[in-house]
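Take a walk through this model, one piece at a time. Keep the sequence and the 3D view side by side.

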Amino acid sequence: MPKPKEIVLKKSEEIEGTPIEGPWLDDIHSLEEVLDYYERIGFQATHLGKAIEIWRKVEEKRAEGEEVRIFLGYTSNIISSGLREIIAWLVKEGKVDVIVTTAGGVEEDFIKALKPFILGDWHVDDSLLREKGINRIGNIFVPNDRYIEFEKYMIPFFERILEMEKEAGRPLTASEFIYELGRYMDEKLGKEKEKSVIYWAYKRNIPIFCPAITDGSIGDMLYFFKEERGDRELIIDIANDIVKLNNLAVTAKETASIILGGSLPKHAIINANLFRGGTDYAIYITTAVPWDGSLSGAPPSEGVSWGKIKAKADYVEIWADATLVFPLLVWKVFK
């Protein structure tokens, strides 16, 4: 039997690799220099460093004229937060090609162009907030007057869409509906629209897909519109959008999938990439865990088993709140 000292001080093999090292603050003069150390810090910082490396590689290819079609997916809470403006900038600058989001990711972007959301608190009396007509998204407060104002715009917009569908002889797809919403913002709103994702997607002709477009305030407004008018003609087509979304993946030379959160946007993007044999690059930012078998928590390697991510793809998952790390990621890649 080995002696205790031999057990504790077991001889090791020599290994090569990156030394773990953080920034020495006396030598650091900018955020840029701090971020240079992320790959060497360890844990999730290393994953952020890997994400920076992947996205930079994609951008370098695009700058050289190679086609890498970038799919960006995010849940509505991303737009509820201050990440909305960062995403709008990415769209304005043509840094993404296809967007998939939830209903809240569409309507909250529009609502914020009317009135801002307000920083509140996590620890509040929610029943009292309800009495005051204030809705809460985490520590973000959304007074109900935002939705009242939203209805004033949406009812005339639905009337416009209904007329367009009658003229076209077919229903508009959800992505066409959102495109027209961007055009509507351009016509009806002032300078405040210039930090809107929808507005810049309209201006840059970048499609926004929302397979569950009725699952939010837009659905509420559709209900009011249809019930008050007895309307059964206004229809939003999601069937033809799935063809369009899948083909945007199938026809791309290479694809990159950048996904904030999980849920429907995540699956819509990676499932579209299944039809081409998987995405070539993937960056996930999520706080969901894989242990319950949910798609939201499924790591990129699980996507490989389905063929939604290529076995040789360059991918990383950052297990963190996107509001903490996405601004750093975008800053380091683009600024």
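How many bridges join β1 to β9? The two strands run parallel, and 7 bridges join them. Strands pair here if DSSP finds at least two bridges between them. Helices (H or I, at least four residues) and strands (E, at least two) are DSSP runs, numbered from the N terminus.

A word on the model comes before the tour. It is predicted: local features need pLDDT of at least 70, side-chain atom pairs count only at pLDDT 80 or more, and totals for chains, interfaces and linings use all residues. Residues are numbered from 1 along each chain as its sequence is written, and side-chain values use heavy atoms, with hydrogens and water left out.

Back to β9, which covers residues 254–260. Is this strand mostly covered or uncovered? Mostly covered: 7 of its 7 residues are buried. Buried means under 20% relative accessible area, exposed over 50%, and partly exposed in between (1.4 Å probe, protein chains only). In a regular strand the side chains alternate between the two faces of the sheet. On one side of β9 sit Glu-254, Ala-256, Ile-258 and Leu-260. On the other are Thr-255, Ser-257 and Ile-259. Both faces are covered.

Now look at the partners of β9. Tyr-74 stands opposite Leu-260 in β9. Strand β10 (residues 279–286) also pairs with β9, in the parallel sense, over 5 bridges. There, Ile-259 stands opposite Tyr-284.

Return to strand β1, residues 68–74. This strand pairs with β2 too, again in the parallel sense, over 4 bridges. Leu-72 has Ile-99 of β2 as its bridge partner. Strand β2 spans residues 98–101, and both of its faces are covered. Val-98 and Val-100 are buried on one side, Ile-99 and Thr-101 on the other. Next comes β7, which pairs with β2 in the parallel sense over 2 bridges. Here Val-100 meets its bridge partner Phe-209 in β7.

A second sheet arrangement deserves a look. In which order do its 3 strands lie? The order is β3-β5-β4, in an open sheet with antiparallel pairing. β3 (118–119) and β4 (134–137) stand at the edges, each with a single partner strand, so one side of each has no neighbour in the sheet. Helix α9 packs on this sheet and touches β3, β4 and β5. A contact means heavy atoms within 4.5 Å. The direction of α9 makes about 50° with that of β5. Such axes are lines fitted to C-alpha atoms, for helices over the stretch in contact, and angles run from 0 to 180 degrees between N-to-C directions. Strands β4 and β5 (residues 140–143) pair over 4 bridges. Asn-135 stands opposite Val-142 in β5.

Follow α9 itself, residues 145–168. Its 24 residues should span 34 Å at 1.5 Å a residue, and its end C-alpha atoms are 35 Å apart, which agrees. The expected span is 1.5 Å times one less than the number of residues. Buried residues of α9 include Phe-150, Tyr-153, Phe-157, Ile-161 and Glu-165. Just after the helix, Gly-169 takes a positive phi of about 75°.

Two other residues have a positive phi without being glycine. Asn-205 has about 55°, and Ser-263 about 65°. Asn-205 sits in the loop between α11 (197–204) and β7 (208–209). It is exposed, at 60% relative accessible area. Ser-263 lies in helix α14, residues 263–274. At 34% relative accessibility, Ser-263 is partly exposed.

Thr-173 belongs to strand β6, residues 172–173. It is buried, with a relative accessible area of 7%. Its side chain makes a polar contact with the side chain of Ser-175, at 3.2 Å. A polar contact is a pair of N or O atoms within 3.5 Å; within protein, one must be able to donate a hydrogen and the other to accept it, and residues adjacent in sequence count only if both atoms are side-chain atoms. Not counting residues up to four places away in sequence, Thr-173 touches Ile-236, Asp-237, Asn-240 and Asp-241.

An unreviewed UniProt entry annotates Lys-308 as "active site". UniProt positions follow the numbering used here, feature names are shortened, and annotations may be inferred rather than shown by experiment. Lys-308 is found in the loop between α15 (300–306) and β11 (309–319). Is Lys-308 buried or exposed? At 6% relative accessibility, Lys-308 counts as buried. Among the residues that Lys-308 touches, not counting those up to four places away in sequence, are His-267, Asn-271 and Thr-279.
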